Amino acid sequence: MPRTTKAQQQQNRVLLLQAAERVFARRGVEGASLDDVAVDAGLTKGAVYSNFSGKGELILEVIRHRQTSSQEAQDFSAVLLEATDDYARLEAWCEMWIRTQRSGERSSYSRLVFEFIPYALRDEELTRRFLDLLGTGEAAQGASPIPSSSLFARIPHADQMRILLALDMGLAALTLFDPEGVKPELYKTAVLSLARTLYEAGAGSDGVEPEG
């Protein structure tokens with residue numbers, strides 16, 4: 001049975017998102033064009049321009065796809081839903097991050113994000129939307145893997161995500177420079193140490209909510 005037009009359009013959109021990640025990671029945001037993305041995807045220029053208004057829009061959609069529709073995003077969501085114990089959930093989250101990092105699947109995505117940052121900083125609207133997609137902007141929502149028994153969980157949600165994102169992006173950046181020296185397990189060490197330290201601090205506190 002032939003594909004419907006809608007199904008074909010959706011497939012083309014995914015092909016463009018995957019091609020954009022490869023092209024912009026390899027050649028940079030300034031060094032590559034939407035035409036280059038079309039060629040890499042094996043599609044016409046019209047397919048790109050009918051789906052995306054420009055580079056910024058296309059790259060934001062690549063990030064959105066990674067955050068919500070990719071297999072990686074589905075695996076992380078499953079971890080949050082399936083684990084019943086707070087710390088088991090956090091450990092599973094960290095182990096998922098380690099497996100994903102070790103697979104090398106995030107290398108081109110990391111490069112794309114770091115290439116996009118200076119480009120987005122020149123446009124306030126792109127910056128706002130970028131932060132929202134990363135889970136740290138005013139519109140950011142979603143579940144946090146941080147145990148509810150930890151003081152970490154009493155930090156505003158956006159700040160929790162900022163801390164996790166700083167660890168994620170910092171280690172991802174270092175890995176690009178020193179893939180042999182930077183071990184993915186550092187992420188788990190940092191996240192669990194922070195959560196448990198704050199848990200212990202909370203256990204000995206007088207119950208007063210921290211400021212902020």
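How many residues line the second largest pocket, and which of them lie nearest its centre? I found 15 lining residues, with Gln101, Arg102, Gly104, Thr175 and Pro179 nearest the centre. The elements giving two or more residues to this lining are helix H6 (86-103), helix H7 (107-120) and helix H9 (157-177).

Before going on, I noted the ground rules. The model is predicted, so local features need pLDDT of at least 70 and side-chain atom pairs count only at pLDDT 80 or more, while totals for chains, interfaces and linings use all residues. Residues are numbered from 1 along each chain as its sequence is written, and side-chain values use heavy atoms, with hydrogens and water left out.

**Terms for the pocket.** A pocket is an open set of points on a 1 Å grid over the protein atoms alone, where a 1.4 Å probe fits and protein lies on both sides within 12 Å along at least five of seven lines; lining residues have an atom within 4 Å of a point. Helices are DSSP runs of H or I, at least four residues long, numbered from the N terminus.

I then looked up the volume: about 260 Å³ for the second largest pocket. That is the space filled by probe spheres set on the points, which are joined across faces, edges and corners. The lining splits into five nonpolar, five polar and five charged residues. Here Ala, Val, Leu, Ile, Met, Phe, Trp, Tyr, Cys and Pro count as nonpolar, Asp, Glu, Lys and Arg as charged, and the others, Gly among them, as polar.

**Aromatic pairs.** I searched the whole structure and got three. Rings of Phe, Tyr and Trp (its six-membered ring) pair if their centres lie within 6.5 Å; planes under 30 degrees apart are stacked, over 60 edge-to-face, and the rest tilted.

Trp97 and Tyr187 are stacked, at 4.3 Å centre to centre with 15 degrees between the planes. This pair links distant parts of the chain, as Trp97 sits in helix H6 and Tyr187 in helix H10 (residues 185-203), 90 residues apart. Are these two buried or exposed? Trp97 counts as buried because its relative accessibility is 3%, and Tyr187 is buried too, at 2%. (Buried is under 20% relative accessible area, exposed over 50%, partly exposed in between, with a 1.4 Å probe and protein chains only.)

Phe116 and Tyr119 are tilted, at 6.1 Å and 35 degrees. Both lie in helix H7, three residues apart, about one turn of the helix. Phe116 is buried at 0%, whereas Tyr119 is partly exposed at 21%. With Phe130 they form one aromatic cluster.
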